[in-house]
Amino acid sequence: MDNPAFVHHAVLLSLVLFGLGTLGVFLRRNVITVLMCVELMLNGVNLAFVAFSRAHGSLDAQVLVFFVMVVAAAEAAVGLAIVIALHRHKDTLDLDAFNLMKG
Amino acid sequence: MTPFTQELLIAVVKIAVVIGTLLGAFSLMTWIERRTLAFMQYRLGPNRTGPFGLFQPIADGIKLFFKEEAMPAAADKWAFLAAPVVAVATALLATAVIPYGPPFSLPGWGWLPDWLQGRDVQILIADLEVGLLFIFAVTALGVYGLVLAGWAANSKYSLLGGLRSSAQMFSYELALGFSWVTLILAAQSFRINDIVADQAGWFWHWNVFVHIPAFLVYFLAASAEVARIPFDLPEGESEIVAGFHTEYSSMRFALIQMGEYINLITVAVLATNLFLGGWNSGVPATPEALLGFPLGFVWWGAKVAFVLFVFIWLRGTLPRFRYDQLMQFGWKVLIPVAAVWVMVFAGWVALTGRSG
Amino acid sequence: MDAVLFYVFAAIAVASAVVVIAQRNAIYSAFALVVTLCSLAVIFGLLGSPFIAALQVIVYAGAIMVLFLFVLMLLNVRREEDGPAAGGRTLRGVGLALVTLLVLQAGTVLLRADLRPAPDFDASTVEMARTLFSPHFLYAFEATSILILAALVGAVVLAKKEL
């Protein structure tokens, strides 16, 4: 794993995943799928952190990855609870149905 | 032959040995379980097919092979096909980091190539630095087989069973992981070989005597993980037909069964390695090998057999937990007990500076 | 050998990520995301971080995604409610594709940075624990447990039928 190209390509991969996640957040209509695309973005970020940690030889970035995972878990739990409450209210998971703003 | 090819060849042979033995053990276990349960219930069990019914697993295999592969019309096709595969794959994946016996040196037989003669090997496919974490990770993935199976058949019974089963599994996974923390603390390493080495010497050094709460928590959590009675609500034979695998027949059913039994054997082998001293005999004076055969295998095999027997014994004796009792037990009893033991042991290590 | 593994799993990760955002059936998306997470875990391992790799599988693939699947199954999302729909969504989609391209451009700037892997990189569990419990991060570590407690209580309260 000492090939210098790996870290570069890992960062590139993280950008691709982040970009795909962003695309998904804007293109999908199902609330839960949007949440999953947010998780995809977070994973892209995690990969970037780990790659940079490898490049700088410091473990601080990996600890940050740990914290990102914890916060992502908490956010997924609360987000899904909100989705359940929304579904109970409107019986649909379509994002366009939750549009209370005018115009 | 380069060292890399040598290692590769040895690894391939190890994989063949482990998987072959596990599949053989799986069929033997079905027979042992049925006979033992029968004797406990004051009846005979399978005794017609072959001497003592020993060909029963073969007969079962042939029967399952020729059964019709039925798939419900409204079933989710890919999930239905993938579920047994995932179940067996995760079960087999966990066996990659578990040692199945002591390290021994190959005897210098003439027909072995010279790079193999006298070489130190162990039936351990991958000696990872983070062995126990890997097992925890694979156990976490094991939930997916059940979830997929429950969902795929698109039937109420299957879905209920699948959801219950996955909730049970990941609740008890926490307790399982917690029970290992003190062992890792004592052995100062995540490798299972190190934990076994930590239990060398007299038998009162075995982790089952030193870490009693951890062993109890592990044993109960492991029973729940592999969905054995008294925690077998996912299969709930008399309650929701056959639970999450209601709609499966023939070879897919056989695959799911295989996954479950391999999980059981894995859990028993882990219990032996982590708590019962692995391949250490409890008495330091016993010889390492008898006539060239490493005696470690004998002690290890006896312990694994004993643990499996206790699992079958529990199955024949105890009634089933109700679902809410099961969840309460996992969250309100096992996890606090494990947490308190971790605090006590870690506190002791911090105060005295020793580790077991 | 490492190179082959890295590119294979990177390809798998990208392919399943595309399935996540393109697949109409939400449950298939969820399983594709699990595949992505597991391949990312392998890549973490290849980058020399076994602890983070194990955590990725245990926490993300083993817990968070199971939660997602639970909710999807409970809400019985079999109806495929997706596809370009009301209000010029396609236009917005194209706009966001351009934004993503911009992100990738930013990436190429980043990639010109000197990113050679550092020698003496020890990310074993012992070193990770040493860093995690060092005075620098200890407070944050303890605070996350309160965060998780808050999230737990919040999730239970939000999802209840009646308080």
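Predicted model: local features only at pLDDT ≥ 70, side-chain atom pairs only at ≥ 80, totals over all residues.
**Entry 1: the chains one by one**

I began with chain A, which has three helices and zero strands. Reading from the N terminus, I noted the order of its elements as α-α-α. Its C-alpha atoms fill a box of roughly 55 × 25 × 20 Å along the principal axes. I then looked up the radius of gyration: chain A has 17 Å, whereas a compact globule of 103 residues would have one near 13 Å.

Chain B came next, and here I listed twelve helices and four strands. Its radius of gyration is 21 Å, close to the 21 Å that the globule rule gives for 356 residues, so chain B is as compact as a globular protein of that length. The C-alpha trace of chain B spans about 60 × 55 × 45 Å along its principal axes.

For chain C I looked up the domains. There is a domain 1 (1–80) and a domain 2 (124–163). The C-alpha centres of these two domains of chain C lie 23 Å apart.

**Entry 2: who touches whom**

Which chains share the most contacts? Of the two pairs of chains in contact, I found that it is chains A and C. I also checked chain A against chain B: no contact joins them, and their closest C-alpha atoms lie 15 Å apart.

**Entry 3: chain A with chain C**

I wrote down 66 residues from chain A and 71 residues from chain C for this contact. On the chain C side, the helices that each supply at least two residues are H1 (2–22), H2 (26–46), H3 (50–74), H4 (89–111), H5 (125–132) and H6 (135–159).

I picked out helix H3 (residues 60–90) of chain A and H3(C), whose axes come within 10 Å and cross at roughly 5 degrees. Angles under 35 degrees count as roughly parallel, and H3(A) and H3(C) are therefore roughly parallel to each other. From H3(A), the residues making the contact include Phe66(A), Met69(A), Ala73(A), Leu80(A) and Ile84(A). From H3(C), they include Leu55(C), Val59(C), Tyr60(C), Leu67(C) and Phe68(C).

**Entry 4: chain B with chain C**

Here 17 residues of chain B are in contact with 15 residues of chain C. Which elements of chain B give two or more residues to this side? I found helix H4 (131–141), helix H5 (143–152) and helix H6 (156–187) of chain B. H4(B) gives the most, with six residues. The side of chain B that touches chain C has 15 nonpolar, one polar and one charged residues.

**Entry 5: two helix pairs inside chain B**

I first looked at helix H1 (residues 3–40) of chain B and helix H10 (residues 250–274) of chain B. Their axes come within 10 Å and cross at roughly 100 degrees. H1(B) and H10(B) are therefore roughly perpendicular to each other. The residues in contact are Leu22(B), Ala25(B), Phe26(B) and Met29(B) of H1(B), and Met258(B), Tyr261(B), Ile262(B) and Ile265(B) of H10(B). I counted them by class as eight nonpolar, no polar and no charged.

Then I turned to helix H9 (residues 212–225) of chain B and helix H12 (residues 323–352) of chain B, which pack at an angle of about 145 degrees with their axes 9 Å apart. H9(B) passes H12(B) in a left-handed crossing. On the H9(B) side the contact is made by Pro213(B), Ala214(B), Val217(B), Leu220(B), Ala221(B) and Ala224(B). H12(B) brings Gly330(B), Leu334(B), Val337(B), Ala338(B) and Trp341(B). This contact has ten nonpolar, one polar and no charged residues.

Technical notes: Residues numbered from 1 in each chain as written. Chains lettered and ligands numbered in written order. Contact = placed C-beta atoms within 7 Å. Axes fitted to C-alpha atoms, helices over the stretch in contact; angles between N-to-C directions. Parallel < 35°, antiparallel > 145°, perpendicular 65-115°, else oblique. Nonpolar A, V, L, I, M, F, W, Y, C, P; charged D, E, K, R; others polar. Domains from an automatic or database assignment. Left-handed = near helix turned anticlockwise from the far one by under 90°. Rg over C-alpha atoms; globule rule 2.2 N^0.38 Å.
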